[in-house]
Amino acid sequence: MSQTLQIALLPGDGIGPEVTAAARRVMDRVAARVDLTLAWEEYPFGGAAIDATGQPFPESTRAACQSADAVFLGAIGGPQWDNLDPARRPETGLLALRKALGAFANLRPVQVPESLAHLSVLPPSRVSGTDLVVVRELTGGIYFGLPRQHTPEEAFDTMRYYAWEIDRIARVAFETARMRRGRVVSVDKANVLASSRLWRERVIERHTEAFSDVELSHMYVDNAAMQIVRDPRSFDVILTANLFGDILSDLSSTLAGSLGVLPSASLGGTTPLFEPVHGSAPELTGRNVANPVAAILSGAMLLDSANQPVAARIIRTCVDATLASGCMTVDLDPQGVPTDIFTEAVCREVDHIPDSTFTD
Ligand code: NAD
Ligand code: IPM
Ligand code: MN
């Protein structure tokens with residue numbers, strides 16, 4: 001049946017516009033092959049919105065995001081906005097967007113198929129076959145906890161978790177594990193932090209109550225950082241709080257070879273949000289060198305969540321085939337190709353997929 005998806009596009013800052021343009025190109029190419037219309041509408045967000053309107057997350061952008069089927073974000077931030085009052089920084093706009101959408105569950109998958117293991121920062125023999133997902137709590141914890149203060153003499157933040165916030169992200173992790181290999185490692189700092197002790201109690205309670213078929217274990221975050229590098233294949237689902245998930249997901253990008261390849265989906269609210277794990281990479285901006293894979297694969301996650309699994313699978317297959325053929329951007333290979341050449345190579349892979357695949 002024919003479907004139209006209204007996508008609110010927030011290119012943002014730095015390499016955001018370049019990587020979202022690439023993803024849009026690939027997604028439109030696939031959509032043309034299935035009975036799908038992608039209705040893109042672009043809105044100002046982040047530093048670009050500050051320059052245009054004075055606000056990182058203008059009211060008109062908020063309204064458009066809330067009424068769209070999905071929000072597709074590039075990246076925000078950059079040195080030119082770093083010294084603004086915190087309330088008006090691009091990053092504050094991003095947190096407000098996640099909160100406004102109620103997108104509390106941030107899924108950040110990391111896959112290293114054998115054919116791409118040579119791209120890793122680590123020896124291929126160690127990472128080949130890695131398939132994990134970080135389930136990061138996204139609208140609570142130290143990012144949002146009050147009080148918060150910064151004076152010249154003293155500064156503090158508050159890492160606060162409510163039981164219901166832990167319960168709902170734990171359920172997402174357990175449900176995610178059921179669709180995968182059935183294992184959750186909950187990562188915390190319960191040996192030191194009160195918020196982590198409540199975290200562990202509630203995760204155990206939710207597990208006992210309704211998910212005892214899933215294998216649950218616990219790990220302190222410092223050890224988890226080490227184990228992810230030492231034995232990445234031992235992980236299936238990593239359930240963790242906002243700050244720990246932020247750090248562990250960037251760390252995990254070394255398994256795949258570059259931060260430029262990790263996608264994410266932020267779910268659980270009124271409108272799902274899709275964004276690369278990486279930031280605006282100011283030093284790469286405007287040079288046609290950014291890796292668009294994270295954005296393209298975020299597009300695949302969007303299509304999956306919009307019940308277009310065939311289109312999503314084709315995007316993943318075409319990205320993997322392009323990389324496996326040796327075509328990649330310079331973050332993965334110093335001899336690599338520019339962003340637009342890589343993107344066109346992915347589009348050509350899409351063109352080569354036989355029609356029968358699309359009607360599966
Ligand atoms: P970053 O993710 O922009 O860059 C970190 C490193 O990864 C840099 O070496 C960069 O060149 C590289 N990198 C990132 N994306 C890449 C890509 N697609 N292709 C090739 N290389 C890539 O993080 P940062 O430098 O710490 O922060 C820069 C700005 O981005 C800051 O203003 C920060 O607040 C913001 N930021 C935004 C988001 C977001 O919008 N979701 C995420 C992280 C950081
Ligand atoms: C990310 C980013 C953001 C975060 C920043 C820019 C607010 O690092 O999406 O990972 O910390 O969540
Ligand atoms: Mn981050």
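Modeller: Let us begin with the idea of a polar contact, which is a pair of N or O atoms within 3.5 Å. Please keep in mind that this is a predicted model. One case is Arg-98, where an N or O atom in the side chain is 2.7 Å from an oxygen atom of ligand 2.

Biologist: Which residues are around ligand 2?

Modeller: A residue is listed as near a molecule if one of its heavy atoms lies within 4 Å of it. Around ligand 2 these are Glu-91, Leu-94, Arg-98, Arg-108, Arg-136, Tyr-143, Asp-246 and Val-277. By class, this shell has 3 nonpolar and 5 charged residues, and no polar ones. Helix H4 (residues 90-101) supplies the largest share of the shell, 3 residues.

Biologist: What are the contacts with oxygen atoms of ligand 1, and do they involve side chain or backbone?

Modeller: Glu-91 has a polar side-chain atom 2.5 Å from an oxygen atom of ligand 1. Ser-280 has a backbone N or O atom 3.1 Å from an oxygen atom of this ligand, and for a backbone N or O atom of Ala-281 the distance is 2.8 Å. The protein covers 69% of the 800 Å² of accessible area that ligand 1 has on its own.

Biologist: Is Thr-329 buried or exposed, and with which side chain does it make a polar contact?

Modeller: A residue is called buried if its relative accessible area is under 20%. Thr-329 has a relative accessibility of 1%, and therefore counts as buried. It sits in the loop between helix H11 (309-324) and helix H12 (339-352). The side chain of Thr-329 makes a polar contact of 3.3 Å with the side chain of Asn-291, and Asn-291 is among the residues that come nearest to ligand 1.

Biologist: How does Arg-160 count by the accessibility scale?

Modeller: Arg-160, at 36% relative accessibility, counts as partly exposed. This residue is found in the loop between strand E7 (155-156) and helix H6 (163-178). Arg-160 and Ala-194 are 34 residues apart in sequence, and their C-alpha atoms are 8.9 Å apart in space.

Biologist: Can the idea of burial be applied to a strand, and why is strand E1 described as largely enclosed?

Modeller: One counts the buried residues along the strand. In strand E1 (residues 3-12), 7 of the 10 residues are buried, so the strand is largely enclosed by the rest of the structure.

Biologist: Which strands pair with E1?

Modeller: E1 pairs with strand E2 (residues 36-42) in the parallel sense over 7 bridges, and Leu-9 stands opposite Glu-42 in E2. E1 also runs parallel to strand E3 (residues 70-75), to which 5 bridges join it. There, Ala-8 stands opposite Val-71. Together with helix H1 (residues 16-31), E1 and E2 make a right-handed β-α-β unit.

Definitions and conventions. Residues are numbered from 1 along each chain as its sequence is written. Chains are lettered from A and ligands numbered from 1 in the order in which they are written. This is a predicted model: local features need pLDDT of at least 70, side-chain atom pairs count only at pLDDT 80 or more; totals for chains, interfaces and linings use all residues. Side-chain values use heavy atoms; hydrogens and water are left out. Buried means under 20% relative accessible area, exposed over 50%, partly exposed in between (1.4 Å probe, protein chains only). Helices (H or I, at least four residues) and strands (E, at least two) are DSSP runs, numbered from the N terminus. Two strands pair if DSSP finds at least two bridges between them. A crossover is right-handed if, with the strands pointing away from the viewer, the path from the first strand over the helix to the second runs clockwise. A polar contact is a pair of N or O atoms within 3.5 Å; within protein, one must be able to donate a hydrogen and the other to accept it, and residues adjacent in sequence count only if both atoms are side-chain atoms. Accessible areas come from the Shrake-Rupley method with a 1.4 Å probe; for residues, only the protein chains shown count as cover. Ala, Val, Leu, Ile, Met, Phe, Trp, Tyr, Cys and Pro count as nonpolar, Asp, Glu, Lys and Arg as charged, and the others, Gly among them, as polar.
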